[in-house]
Amino acid sequence: MPAIEGKPAQPVANQDDEIIFPPVTREHILHCSYDYWFPKYRTSCIRSEIIPLTPDFVSYIHEDGIVLADDPSSDPNQEQDEDGDWEPTNPSSDFPPPPRDPRDESGSEDDDDDEPTTARLPPNQRFPELHEKIESTIAQLGGSVAPKLNWSSPRDATWISRHPNTIKCTSANDIYILLKSSSFISHDLDHAFDDCAPTTTSQSSPLFQPVLVLRSYFNILPSLEFRCFVKDRNLVAITQRDPNYYPFLRSLRPHIVSRIRELFTKRLKFTFPEADFSFDVYIPEASYDDEVNRLGRARLIDINPWAPRTDTILFGWDELLEINVKRPVIGGPMSTQEQDGSEVESESDGDEEGEEEDRPELRLVEKDDPAAYNFSSPAFSAHKLPKDVVDASQAGEGGRGVGGDFEGV
């Protein structure tokens, strides 16, 4: 059992009833980074590989336009523009473009001289080793992967995916398109530590290493994805992630809570360094030969900060912050070896009445629930582009240099 330490100050409401969180530190955000916790909980996660990203790759993600890697299956005799800009094979206008002005051509050459030459190179030439590593990892994971960075996946960019409405990727180019089109990815790279409290210790703050996470892709059942909230090392709330109503979930309530508590108690409760956090799970259906359990073991998908940026879905942050944990556990984390010998004993020490009191609340989308009407708009619609941009991105061969056609807009 971790040593009991002083309890941090709890959040309070100001005169305007605005929710005030306890300070969120840089270390707290880094502890939720996939590359930090995945090695510890690997056996409870989906098969994944972590690839450290170079500064050149990060610069490529930040740049305007989409320049993709050379397609090895393309015709080598096919003429390509020197700048690699993509052009649609089906013109969007019946009017021919105006003739080029020679003076503009000379001026554009001067402008190009001022730009780094690597900015025009495709990824397989710009960072060949990293590109090859990504391609080989895709093959190693079965040929289909789901990408993400340290915290976020490009779920807001599925509109441009070659595999509609999914983040499934079967090539490095698929990954590049999603990463460069996602606002969530930009947030990971540029705003992950916004509003963090300054470090109070004398030790220097850990450095941020951007990583690309590739996970084996499979068709999940959205109805069995859940977000869980932990306060004072106690599982206090569980919410359905998908905003649709599923009648069969009602009969699975006890099984859902049991599987999530099993994962939390055995793996996370005493080993994760933070006492307050959120985590996402996927609970697959049980195998056909399992006549006792209706659901399989819960799989850890992500760990999220206890911070306003984390979506509480069917709960409100005001509700979660006001939950009174009857048996808080505050202190430093155990090692996984120490927890392996203590979690069963610690759970069996409590009486049945105490366990019932500590049971987390599970919220599901109910039929005709007015709260569900808030999800009537399409997911991530605020992150999408105008239809003409989407149409242009889907025309032509490969979509190289999509942004080049809009530079003059």
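**A close look at one strand**

Analyst: The bridge partner of valine 281 in S7 is leucine 300. This is a predicted model, in which local features need pLDDT of at least 70 and side-chain atom pairs count only at pLDDT 80 or more, while totals for chains, interfaces and linings use all residues. Residues are numbered from 1 along each chain as its sequence is written, and side-chain values use heavy atoms, with hydrogens and water left out. Helices (H or I, at least four residues) and strands (E, at least two) are DSSP runs numbered from the N terminus. Two strands pair if DSSP finds at least two bridges between them.

S6 and strand S7 (residues 299-304) are antiparallel and share five bridges. A further pair of opposite residues is aspartate 280 with aspartate 302 in S7. Strand S4 (residues 225-231) is also antiparallel to S6, with six bridges joining them; here phenylalanine 229 has serine 278 in S6 as its bridge partner.

Burial is a matter of relative accessible area: buried means under 20%, exposed over 50%, and partly exposed lies in between, with a 1.4 Å probe and protein chains only. Strand S6 (residues 277-282) has six of its six residues buried, so it is largely enclosed by the rest of the structure. From S6, Phe277, Phe279 and Val281 point one way, whereas Ser278, Asp280 and Tyr282 point the other way, and all are buried. In a regular strand the side chains alternate between the two faces of the sheet.

The sheet that contains S6 is open, with five strands in the order S7-S6-S4-S5-S8 and mixed pairing. Its edge strands are S7 and strand S8 (361-363), each pairing on one side only. Neighbouring strands here are turned by 25 degrees against each other on average, direction ignored. Helix H9 (residues 253-268) packs on this sheet and touches S4, strand S5 (234-240), S6, S7 and S8, with a direction at about 120 degrees to that of S6. Contact means heavy atoms within 4.5 Å. Angles run from 0 to 180 degrees between N-to-C directions, and axes are lines fitted to C-alpha atoms, for helices over the stretch in contact.

A second sheet is open too, with three strands in the order S1-S3-S2 and antiparallel pairing. Strand S1 (48-52) and strand S2 (145-148) are its edge strands, each pairing on one side only. Five bridges link S1 to strand S3 (residues 211-216) in the antiparallel sense, and serine 48 stands opposite arginine 215 in S3. Helix H6 (residues 128-140) lies across S1, S2 and S3 and runs at about 180 degrees to S1.

For the chain as a whole, there are 14 helices and eight strands. Of its 409 residues, 43% count as buried. Among contacts with a separation of 6 or more, 79% are between residues 24 or more positions apart.

The structure holds one cavity of 30 Å³ or more. The largest cavity has a volume of about 60 Å³, and its lining includes Tyr245, Pro247, Arg253 and Glu366. On a 1 Å grid over the protein atoms alone, a cavity is a set of points where a 1.4 Å probe fits but cannot get out, and lining residues have an atom within 4 Å of a point. Grid points are joined across faces, edges and corners, and the volume is the space filled by probe spheres set on the points.

Methods
On a 1 Å grid over the protein atoms alone, a cavity is a set of points where a 1.4 Å probe fits but cannot get out, and a pocket is an open set with protein on both sides within 12 Å along at least five of seven lines; lining residues have an atom within 4 Å of a point.
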